[in-house]
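Subject: Structure handover

Hello,

Please find the structure below, followed by notes on what was found in it.

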Amino acid sequence: MTTSRETPRKTRPRTPGRGVPLALLAPALLGLAFLLVPLLALLVRAPWRSLPEQLTSPEVWQALRLSLFCATTATALSLVVGVPLAWLLARTDFPGRGLLRALVTLPLVLPPVVGGVALLLALGRNGVVGQWLDAWFGITLPFTTTGVILAETFVAMPFLVISVEGTLRATDPRYEEAATTLGASRFTAFRRVTLPLIAPGIAAGSVLAWARALGEFGATITFAGNFPGRTQTMPLAVYLALQNDPAAAIALSLVLLAVSIAVLAGLRDRWMRTV
Amino acid sequence: MPETMPPRPGKGPAPAGTASEPGAGGLDARLVVDRGSFRLDIGLTAAQGEVVALLGPNGAGKTTALRALAGLAPLTAGHLRLDGADLHRTPPESRPVGVVFQDYLLFPHLSALDNVAFGPRCRGAGKAEARAQAAEWLERMGLADHAGAKPRRLSGGQAQRVALARALATHPRLLLLDEPLAALDARTRLEVRAQLRRHLAAFEAVAVLVTHDPLDAMVLADRLVVVEHGRIVQEGSPSAIARHPRTEYIAQLVGLNLYRGHADGHTVRLDAGPAVSTTDDLTGPAFVAFPPGAVTLYRDRPTGSSARNLWHCAIAGLETHGDQIRAELTGELSLAADLTTAAAAELDLHPGAPVWATVKATQTHAYPA
């Protein structure tokens, strides 16, 4: 290898087979295949010939537009409340903060369907909060586009909070102190110093949250239902299409796969530039 | 290292009262901060135009004192008055205090100019006005060419000056510097120390700097306050402290062997055991000090030596000190001795080797404790 002193500077690429025990290599390759084969299957069985026609159908466009709109709005909503929440968790000290942090991250591990049921119980027409929204303002959330946005926010916001909180913890809090000694209030220090410093974390968290919102299924169908044009997002459309028009389901899936790959590429680019 | 401080240029007439008088200009503080098992309790006063250095080992509480002055660490008890105004309950953003942090903490996303303009902006200046003021400060620091540079493009010395300009741009009545030269390499340090000294000399309000480096403290400050374990152990002018150290830490800083004991005429009976003969004449609790260079070592008990201070010791350690070798001795008396490399070789010194150490009475110095 490159241990001898005469070896030229040019480093040879490491060959993965060399020195890797078979007991590790075999399951590793099996795992890799397990992850990649379904994606390949999607490409192999894609109705390439009828694809342009499938993708330009009004139903697909409707679902795609609704998905993009809801995921983007949910991400914006997550930013508005999630970044301050992340700051609170990272920068202040109060009793029960650890518990609160755990609760904030609960939607990450909670089955989305359960999230949908919980949202119904809270914001449904007879829900704990929803009954008052209905009685006082005449606002009904379930089975509306707003309901989709709320369901997606519920599921996606923890990704943003976790990402931003992690970045905040990695950022020296003494920058805020320095700003304070220069006459900045705590909010000014946050806005003019901390926010620019954690921008990469916010961007990464937003992309994660957006991708999660775009793929959201369980909470959406439970809380907002499946009405084309109003609450039927791409994942719901895929599921429905699979039962009566598999070719359309594959086409829709390809679109989501393409979006996911684009997100990954975007994230990678973001890390490369900022890290 | 200059022996005495030259008069400071650019200072107004000295205030009539001292800072400890209520209502007088300057700083008057008693800082008490409880932090679990650690307690800081120091009184600190400084007149306008005075530069005070808090000197002490790591963990002595110097930085805590600085944070308390800036309002970043709450006082458990005590008081804090600056130019007669009570700042005890004033939040940090409203205190007329500027801070130069140890690693400067320049905002990485802002240019040098915008870093300096940050303070004036927060204190109500318009964007253009704040930038004009900042440009003026950078000009004064000789950094006009680097106004547009981001902090990561600045050298250590430049970053230090930007940090100083940023702190001064808010016109503080109290300037705090936390280890202002610690982040610099030795060569830059020399140059920046001289510049900083000039800027501090021109600063008309109170400056308090924290350092563990005695040279920085002695060059930059008018008065040293030595802090150990959260307490003040000695304060005074640099030269007074160098001549009469009162703790082992200070003695080591200024390169002296220091012992505490009880004097009776020309003999000081040390708390550590043996007695030391001196030429000074005093009675009562006393310190005795002598430099490591005054110690002479022998492998066999000297017979013809006129030295009256003779102790049997063993070598505990040897290290190179410039072109000299410093030997740490234990035994009847723990002390440091300096000798030439040739002498060390001739004596065949090695850790554990028994030696006799002598010091002439004329080379010791005794003073009341």
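B:V100 stands opposite B:L177 in strand 7 of chain B. Helices (DSSP runs of H or I, at least four residues) and strands (runs of E, at least two) are numbered from the N terminus. The model is predicted: local features need pLDDT of at least 70 and side-chain atom pairs count only at pLDDT 80 or more, while totals for chains, interfaces and linings use all residues. Residues are numbered from 1 along each chain as its sequence is written, and chains are lettered from A and ligands numbered from 1 in the order in which they are written.

Strand 6 (residues 97-100) and strand 7 (residues 174-178) of chain B pair in the parallel sense, over four bridges. Two strands count as paired if DSSP finds at least two bridges between them. Strand 7 of chain B also pairs with strand 8 (residues 206-211) of chain B, again parallel, over five bridges. There, B:L174 is opposite B:V206. Strand 7, helix 5 (residues 186-202) and strand 8 of chain B make a right-handed β-α-β unit; right-handed is said of a crossover that, with the strands pointing away from the viewer, runs clockwise from the first strand over the helix to the second.

Five of the five residues of strand 7 of chain B are buried. A residue is buried if 20 or more other C-beta atoms lie within 10 Å of its own, exposed if 12 or fewer, and partly exposed in between, with C-beta atoms placed from the backbone. From strand 7 of chain B, B:L174, B:L176 and B:D178 point one way, and B:L175 and B:L177 the other. In strand 6 of chain B, B:V97 and B:V99 point one way and B:G98 and B:V100 the other, all of them buried.

Helix 2 (residues 112-122) of chain B is largely enclosed by the rest of the structure, because 11 of its 11 residues are buried. Among them are B:D114, B:N115, B:F118 and B:R121. The buried residues of this helix pack against helix 3 (127-140) and helix 4 (156-168) of chain B, and against helix 8 (174-181) and helix 9 (186-197) of chain A. Just after helix 2 of chain B, B:G124 takes a positive phi of about 105°.

Between the chains, 17 residues of chain B are in contact with 15 residues of chain A, contact being C-beta atoms, placed from the backbone, within 7 Å. On the side of chain B that touches chain A, strand 6 and helix 2 of chain B each supply at least two residues. The residues of that side divide into 10 nonpolar, four polar and three charged. Ala, Val, Leu, Ile, Met, Phe, Trp, Tyr, Cys and Pro count as nonpolar, Asp, Glu, Lys and Arg as charged, and the others, Gly among them, as polar.

**Chain B as a whole**

Chain B has nine helices and 18 strands. Its C-alpha trace spans about 80 × 45 × 40 Å along the principal axes. Of its 369 residues, 44% are buried. Among contacts in chain B with a separation of 6 or more, 64% are between residues 24 or more positions apart.

Chain B is divided into domain 1 (27-106 + 154-251) and domain 2 (255-368), with bounds from an automatic or database domain assignment. The C-alpha centres of the two domains lie 35 Å apart. Five residues of domain 1 of chain B are in contact with six of domain 2 of chain B. On the domain 1 side these are two nonpolar, one polar and two charged residues.

**The antiparallel sheet**

Five strands of chain B form an open antiparallel sheet in the order 13-17-14-15-16. Strand 13 (295-298) and strand 16 (335-340) of chain B are the edge strands, each pairing on one side only. Strand 13 of chain B pairs with strand 17 (residues 354-359) of chain B in the antiparallel sense over four bridges, and B:V295 stands opposite B:V359.

**Two positive phi values**

Most residues other than glycine have a negative phi. B:D348 is not a glycine, yet its phi is positive, about 55°. B:D348 sits in the loop between helix 9 (341-346) and strand 17 of chain B, and counts as exposed, with 8 C-beta neighbours inside 10 Å. A:F143 also has a positive phi, near 60°. A:F143 is in the loop between helix 6 (130-137) and helix 7 (145-170) of chain A, and is partly exposed, with 18 other C-beta atoms within 10 Å.

Regards

Definitions and conventions: Contact = placed C-beta atoms within 7 Å.
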